[in-house]
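I opened my notebook beside the viewer today and jotted down what I looked up, one stop at a time.

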Amino acid sequence: MSGPRQRAARLLRWYPRAWRARYDEEFTELLIADLTERPRSPARAADVIRGGLVARLTDAGLCGFAPDGAERAGPGARASLASLACCAAVFLGFGGSEWSQLAIGWQWSAPDTAAAVATVVMSGAMLVLAGLALLAGLPVARAVAARIARGRARGLIVPSALFLGGLVVMVVGGRHFGNGWPGTGGHPWTHPGPVPGGVAAFAWASTLSVSSFWAHPAALAAFPAAELTWMALSPLALACLVTGAAAALRRTELSPAVLRFETRLARAACLTMAVFLGAGWAWIADRAPRAGSLFHPGVIDVAGLAVMALALATGWQAARQAAR
Amino acid sequence: MSANKALDGLGRYAGPATLILASLAGGAKHGYALTKDIESFAGVRVAPGTLYEALARLQSQGLIEPVESQDRRRPYRLTAVGATALQAQLDAQRRVADVGLRRLAQGWGTA
């Protein structure tokens with residue numbers, strides 16, 4: 001059996017790095033003393049694991065307080081906003097998949113009322129979210145650029161490279177696979193929908209990985225190799241993009257005025273996502289007969305809606321924490 | 001935040017927080033000494049994860065502060081704000097205890 005120090009070190013891994021940097025030695029000493037006195041205690045292990053998870057949620061700006069109180073208010077708010085950005089990315093990954101499915105469907109045939117209303121509302125929400133993302137990103141990009149220009153690029157190079165790399169892959173890949181699909185892009189036999197064909201195709205291609213085909217390997221095997229590679233690669237590129245943006249946000253000091261501005265945008269984004277989710281739910285819950293139709297929701301859409309609801313709930317919590 | 005309301009925001013940590021503050025009222029202590037002291041006067045063993053969650057929250061609210069130490073086991077001590085908060089919390093608990101004891105004596109004849 002390993003000694004108390006090794007066991008304490010293992011338990012300590014449940015806590016985030018920032019917490020360990022602050023409490024490592026003293027907490028380890030407490031654990032060693034406790035482990036020596038009571039070698040076996042599942043309740044203690046459960047308590048430490050729960051404490052570690054709470055500390056991780058706190059570190060992500062999703063609950064509680066910052067370890068050093070008021071001095072950490074700025075970093076705490078930035079951590080909350082970074083978590084919201086990650087939640088919004090997950091939401092848009094699944095939401096974009098459903099929205100592009102409806103938008104492309106409208107290119108081919110006229111939708112029923114529920115699908116039409118959902119498409120229009122979701123399109124409006126997408127437009128608002130794009131605007132909010134732009135408004136939120138500009139001050140952060142400016143602060144990052146200013147810090148790099150002042151020669152204080154330490155800690156920002158890797159996040160910036162991840163963000164730019166992910167962005168380039170998503171844009172190039174999305175354009176490539178979107179252009180290669182004949183269902184959109186203003187072909188003469190298509191119906192005019194509310195969403196430009198190129199935009200719908202780009203959203204469809206960017207979210208190609210959100211697919212029920214993963215559950216059908218035989219069907220998946222018939223896909224062209226390039227498309228399969230893109231389905232596997234695009235989530236990684238999106239993860240790089242979002243991770244880079246979130247890390248850059250966490251590491252860049254923002255003025256209180258900019259933080260307040262970002263927090264207001266965060267709330268607006270959550271409300272917009274709620275509207276989007278409501279439209280998606282109305283489309284899926286509508287009982288209009290659509291078997292075989294392009295507007296027929298599948299299991300992946302229901303699962304996507306559940307993931308979006310979870311992402312929205314987490315993002316809302318992050319927005320609330322950012323405002324504290 | 002006023003010291004009188006300081007423990008209100010601790011939610012489910014108010015219990016461990018009160019025990020920790022009561023223990024530190026007797027002098028600065030490190031984590032393990034806190035655990036043993038609380039166990040001796042309250043009969044409750046505060047688990048390590050819960051103890052440090054509460055310590056971090058109390059420190060963030062300025063109710064306790066770490067003491068400079070060469071030892072790996074860092075001690076904590078009560079601040080003036082913490083002492084006022086503890087006083088307010090214990091006064092509130094005493095009021096509840098007084099009412100409960102009086103009603104028990106009246107309705108149930110217990111001493």
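**Entry 1: helix α9 of chain A.** I began with the buried positions of α9(A), and my list holds Trp230(A), Ser234(A), Ala237(A), Leu238(A), Cys240(A), Leu241(A), Val242(A), Gly244(A), Ala245(A), Ala246(A), Ala248(A) and Leu249(A). A reminder to myself: this is a predicted model.

Next I checked the length of this helix. Helix α9 of chain A covers residues 225-251, which is 27 residues, and at 1.5 Å a residue it should span 39 Å.

**Entry 2: chain A as a whole.** I stepped back for the overview. I count 11 helices and 0 strands in chain A. The C-alpha atoms fill a box of roughly 75 × 50 × 35 Å along the principal axes. Chain A has 324 residues, and 39% of them count as buried. For contacts in chain A with a separation of 6 or more, I noted that 78% come from residues 24 or more positions apart.

How does the domain assignment divide chain A? I found domain 1 at 4-59 and domain 2 at 80-323. The C-alpha centres of these two domains of chain A lie 38 Å apart.

**Entry 3: the largest nonpolar core.** I then went looking for the largest nonpolar core and found 65 residues in it. Which of them touch the most other members? My note says Leu84(A), Ala85(A) and Phe91(A). The elements of chain A that give two or more residues to this core are α4 (73-108), α5 (113-149), α6 (157-179), α7 (197-206), α9, α10 and α11 (299-323). The most comes from α4(A), with 16 residues.

I followed Leu84(A) to its partners. Beyond its neighbours within four places in sequence, Leu84(A) is in contact with Ala266(A), Gly315(A), Ala318(A), Ala319(A) and Ala322(A). I also wrote down a second, separate core of 35 residues, which includes Leu24(B), Leu55(B), Tyr76(B) and Leu78(B). As background for this page, nonpolar side chains tend to be buried together in soluble globular proteins.

**Entry 4: Gly280(A).** I picked a glycine in α10 (residues 256-285) of chain A, namely Gly280(A). Is Gly280(A) buried or exposed? I have it as buried, because 26 other C-beta atoms lie within 10 Å and the cut-off is 20 or more. Apart from neighbours within four places in sequence, Gly280(A) contacts Gly95(A), Glu98(A), Ala118(A), Met122(A), Leu305(A) and Met308(A).

**Entry 5: where the chains meet.** Now for the contact between the chains. I find 21 residues from chain A and 17 residues from chain B in it. On the side of chain A that touches chain B, α2 (17-37) and α3 (42-59) each supply at least two residues. The largest share of that side, 9 residues, comes from α2(A). By residue type, I sorted the chain A side into 11 nonpolar, 2 polar and 8 charged.

One residue I wanted to see here was Gly51(A), which sits in helix α3 of chain A. Gly51(A) is buried, with 24 other C-beta atoms within 10 Å. Setting aside neighbours within four places in sequence, its contacts are Gly49(B), Thr50(B), Tyr52(B) and Glu53(B).

**Entry 6: chain B.** I finished on the partner chain. Chain B has 4 helices and 2 strands, and along the sequence they run α-α-α-β-β-α. Of its 111 residues, 35% count as buried. Among contacts in chain B between residues at least 6 apart in sequence, I noted that 53% join residues at least 24 apart.

My last stop was Leu86(B), in helix α4 (residues 80-108) of chain B. Leu86(B) is buried, with 22 other C-beta atoms within 10 Å. Which residues does Leu86(B) contact, leaving aside its neighbours within four places in sequence? I wrote down Leu21(B), Ala22(B) and Ala25(B). Leu55(B) is 31 residues from Leu86(B) in sequence and 14 Å from it in space, C-alpha to C-alpha.

Terms used: Residues are numbered from 1 along each chain as its sequence is written. Chains are lettered from A and ligands numbered from 1 in the order in which they are written. This is a predicted model: local features need pLDDT of at least 70, side-chain atom pairs count only at pLDDT 80 or more; totals for chains, interfaces and linings use all residues. Two residues are in contact if their C-beta atoms, placed from the backbone, lie within 7 Å. Ala, Val, Leu, Ile, Met, Phe, Trp, Tyr, Cys and Pro count as nonpolar, Asp, Glu, Lys and Arg as charged, and the others, Gly among them, as polar. Domain bounds come from an automatic or database domain assignment. A residue is buried if 20 or more other C-beta atoms lie within 10 Å of its own, exposed if 12 or fewer, and partly exposed in between; C-beta atoms are placed from the backbone. The expected span of a helix is 1.5 Å times one less than its number of residues. A nonpolar core is a set of buried Ala, Val, Leu, Ile, Met, Phe, Trp, Tyr and Cys residues joined through C-beta atoms within 7 Å.
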